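Trainee: I am new to this structure and would like to understand the words used for it. Could we look at it together and go through them one at a time?

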Amino acid sequence: MNPSTAFASVLADELARCGLREVVLAPGSRSAPLAMAFDELDRAGRIRLHVWIDERSASFTALGLAKASGRPVAVVCTSGTAAANFHPAVIEADESAVPLLLLTADRPPELRGTGASQTVDQIKLYGSAVRWYAESGVPERLPGMAGYWRSLAGRAWAHAAGDLGTLPGPVHLNIPLRDPLVPDAPPAASAAAADDWPDSLAGRAGGAPWTRTASRGAVAAPLQLPWAERGVVVCGDGDYDAAVLVELAEQAGWPVLAEPSSGARHGPNALVGYQYLLASPEFMAAHRPTVIISAGRPGLTRPQSALLRLARTATPPGAGSAGRPLAGAGSADAEASTAPPVRHIVIAAGPGMWADPQRAATDVAAAVRLTGVPDRASSPADGAAAGGWLGDWRRADAAASTASAAVLDAWPGGELSEPEVARAVVAALPADALLWCGNSLSVRDVDLALPPRADVRVMASRGASGIDGTFSATAGAALAHAADHPGAVAFALIGDLSLLHDAPGLSIGPGEPRPDLCVVVVNNDGGGIFEGLEPARFGGGVSGRLRAAGQPDGQPDGREDRSQGPGTPRAQGGPALTVFERTFGTPHGASVEHLAAAFGIPYTLAERPGELAKAVAATVPGSGLRIVEARTGRAANADLRARTRAAALAALASPPR
């Protein structure tokens, strides 16, 4: 057995002994020994191998598998730029503490710096984004190598899994390999070929790992927190025990402001329209908390960030003690001494990692234990009573949600709005389903539409919050979710740009595992989220409508030109786009239907809410991968969101008596 084959066989076997169950491979020549070793384990039923032709898509598939399963997943590639394509997924895994094993094949030292093909500097390629890095060294036929290789695999696994109290995340093994890169003998003769090695390549007896490590280190003592009536629990995306915080909130009588992918949007204290409440100066002036507990990475909206900044200021941003807008910084400073201080406890994701972009946290703790909680605090009757803290939040949530829903219900019949798409999708989710939310508008629409329920799982890539690899991460998560919940199906709500950005991920080979996954694509022909941001002042509100020659930027007529809708080609040399449309709106004119057809994926166009619900309901075990497109207009939906927000804020400013 040649050294490269021996190394790959030992490494793959030891990782499987450690607990590896999923491997994603992007094919290449230099990684051939690893590919063949993992294929052999797949055929033996010890792991499940997924082969994806694009490295970026492969790495995000591994990320989705690892995020959904909570276990390290290996992703393998050849040398050169292939390894560089892993970097976006590595960053997301680092920021969200997702355990990945990055196995990058490399050229041996004598070929580096010589101009050899597919040879780049891969040493510590991902910098500080990995928990641990090692170069394995070129495999050699020497005594004692098997013990070194198995120890190396065990150490990589422990660092990725977060054993011994470390933070889970990506680990990089750079693996230089020399020719020959394929076995000297057929696989059937591999056992006999191993006999010519200087010492045994076998692992420990009984399939045990070479080195056992504890699953997690000692848990730090919880922070003792005296109960206060005016508390809130804010839950963002992340790998933490959300159920503990939901239970704490119910014990304390506090509202739960949970983002959809937090795992905390369930129970009687969870609110749906909390973002409207946080945006209301009147409500926040009267309901300023004195205790905030946050976990994960919350940050979907600016009002939410303002709430988390309260520990730095003494009054709600933009409001005085009576709810009146403040005249300026001087007034805010004057009020600072009169408002009670805010204590903000951030639950750490792990050693040295917690989310506090506002720099407002007063405490960081591994856990919190309430003290001095009166019996009435957790009483549902008291929470709903007039003047009760939790009752106030619940009633305001109901009023804001009802007002915003009335605006959505008044949308012209026969057309789909983007918030309605989110509402229809979450309403149609069956029990045990997985929903993956794309970043930008999709996750925010779901945030305002998802009712509290514990029987569905909502996920998103909120570590770095990019749109990289959205489809691939969804597919990986769907596969892992179905493996842990047999018979469960998965759904995704993503934008058109997210789909186009990860189009290579749609190329799943005929022999590869395929998820039962319905991908709902909201196609507004560009970057819809920018319609609600400052750049829209420079020619927004036209949803891809071409500007006539000589027309100044920012002078739309307010109507959408559906002749320039999704799938309609743009003639070269035609009218110019506004500066907003060209640099932010980025209309593409691509056909989602044609894209689906190119990869042989079943496609449905949903033009009405009923059609969308029917398409979602058709996703059952064994239905495979499907794409459902909902075509919308950016400008009209930006206006709709503004009107729903205005209606909600008006309801909060004038509560029913």
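**Salt bridges and burial**

Mentor: A search of the whole structure finds 28 salt bridges, where a salt bridge is a side-chain nitrogen of Lys or Arg within 4 Å of a carboxyl oxygen of Asp or Glu. This is a predicted model, in which local features need pLDDT of at least 70 and side-chain atom pairs count only at pLDDT 80 or more, while totals for chains, interfaces and linings use all residues. Residues are numbered from 1 along each chain as its sequence is written, and side-chain values use heavy atoms, with hydrogens and water left out.

Trainee: What makes Arg141 and Asp196 a salt bridge?

Mentor: Their side chains come to 3.8 Å, N to O, and the cut-off is within 4 Å, so the pair qualifies. Arg141 lies in the loop between β5 (132-135) and α6, and Asp196 in the loop between α7 (190-194) and β7 (223-226), so the pair ties together parts that are 55 residues apart in sequence. Helices (H or I, at least four residues) and strands (E, at least two) are DSSP runs, numbered from the N terminus.

Trainee: Why is Arg141 called partly exposed?

Mentor: Buried means under 20% relative accessible area, exposed means over 50%, and partly exposed is in between, with a 1.4 Å probe and protein chains only. Arg141 has 36% relative accessibility, so Arg141 counts as partly exposed, and Asp196, at 46%, counts as partly exposed as well.

Trainee: How do you know that Arg641 and Asp445 form a salt bridge, and where do they lie?

Mentor: The closest N and O atoms of Arg641 and Asp445 are 2.8 Å apart, which is within the 4 Å of the definition. Arg641 lies in helix α22 (residues 634-653) and Asp445 in helix α16 (residues 441-447), so the pair ties together parts that are 196 residues apart in sequence.

Trainee: Why are Arg641 and Asp445 called buried?

Mentor: Arg641 has a relative accessible area of 19%, which is under 20%, so Arg641 is buried. Asp445, at 10% relative accessibility, also counts as buried.

Trainee: Which residues does Ala158 touch, not counting residues up to four places away in sequence?

Mentor: Ala158, in helix α6 (residues 145-161), touches Asp163, Thr166 and Thr213, contact meaning heavy atoms within 4.5 Å.

Trainee: How many disulfides does a search of the whole structure find?

Mentor: The search finds zero, a disulfide being a pair of cysteine sulfur atoms within 2.5 Å.
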